[in-house]
Amino acid sequence: MKGRTRQANLPFWMTAGMGYYAEHMVFDRCAIYYLDFEAYYRANPDAKVDARKGGTLGPEESWPRILRKLCKKEKRVSLMKTLNAQIITLSPNESGYMFALTYFLVSTEDRAKTYQSFIKAIRDGEEPTQELLLKTYGYADDAAFENAWYEWMMSTKFK
């Protein structure tokens with residue numbers, strides 16, 4: 001839990017990703033609910049918010065297996081898109097990659113320590129930018145980071 005920061009205005013990927021990590025990896029309890037308003041709003045453009053359909057992804061489902069299949073089919077969500085995810089436009093695939101990103105960032109003891117350094121830099125006043133993430137983890141650019149991230153997702157370590 002040292003990787004958690006109390007600073008407000010953190011990007012969505014950080015709060016949701018660490019929320020996933022705490023719920024699913026630490027407590028083995030996590031349920032994700034997706035509401036799809038698209039069809040409803042197409043038929044009722046002036047309507048107020050009303051959940052007409054949705055779906056769940058629970059701890060009993062192997063979402064890493066689903067994400068790995070997407071990754072194999074090159075249906076990948078880039079680091080930049082993951083870091084800029086917004087709750088209002090989030091798709092199940094994007095949230096899966098967002099959770100996988102946090103999982104990757106803390107997947108080993110060394111990576112967890114690096115994540116703590118990332119959090120410390122934010123606490124010390126730095127902005128939680130893509131550049132800070134790449135610099136903290138020692139990657140030269142997005143491509144190098146994505147190669148390591150996707151390779152890890154394709155491995156048996158991603159469960």
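**Around Trp-149**

Modeller: Leaving aside residues up to four places away in sequence, Trp-149 touches Val-77, Ser-78, Leu-79, Thr-82, Tyr-97, Ala-100, Leu-101 and Phe-104 (contact: heavy atoms within 4.5 Å). The model is predicted, with local features needing pLDDT of at least 70 and side-chain atom pairs pLDDT 80 or more, while totals for chains, interfaces and linings use all residues. Numbering starts from 1 along each chain as its sequence is written, and side-chain values use heavy atoms, without hydrogens or water.

The largest nonpolar core has 37 residues, and Trp-149 and Met-153 touch the most other members. Such a core joins buried Ala, Val, Leu, Ile, Met, Phe, Trp, Tyr and Cys through side-chain atoms within 4.5 Å (buried: under 20% relative accessible area, 1.4 Å probe, protein chains only). Helices supplying at least two residues each include α1 (12-26), α5 (92-105) and α8 (142-154) (DSSP runs of H or I, at least four residues, numbered from the N terminus). With eight residues, α5 gives the most to this core.

α5 and α8 pack with their axes 10 Å apart, at an angle of about 95° (lines fitted to C-alpha atoms over the stretch in contact, angles from 0 to 180 degrees between N-to-C directions). α5 is therefore roughly perpendicular to α8 (65 to 115 degrees). From α5, Tyr-97, Ala-100, Leu-101, Tyr-103, Phe-104 and Leu-105 make the contact, and from α8, Phe-145, Ala-148, Trp-149, Tyr-150, Trp-152 and Met-153. By class, the contact of α5 with α8 has twelve nonpolar residues, no polar and no charged.

Notes:
Buried < 20%, exposed > 50% of the residue type's maximum accessible area, 1.4 Å probe, protein only. Parallel < 35°, antiparallel > 145°, perpendicular 65-115°, else oblique. Nonpolar A, V, L, I, M, F, W, Y, C, P; charged D, E, K, R; others polar.
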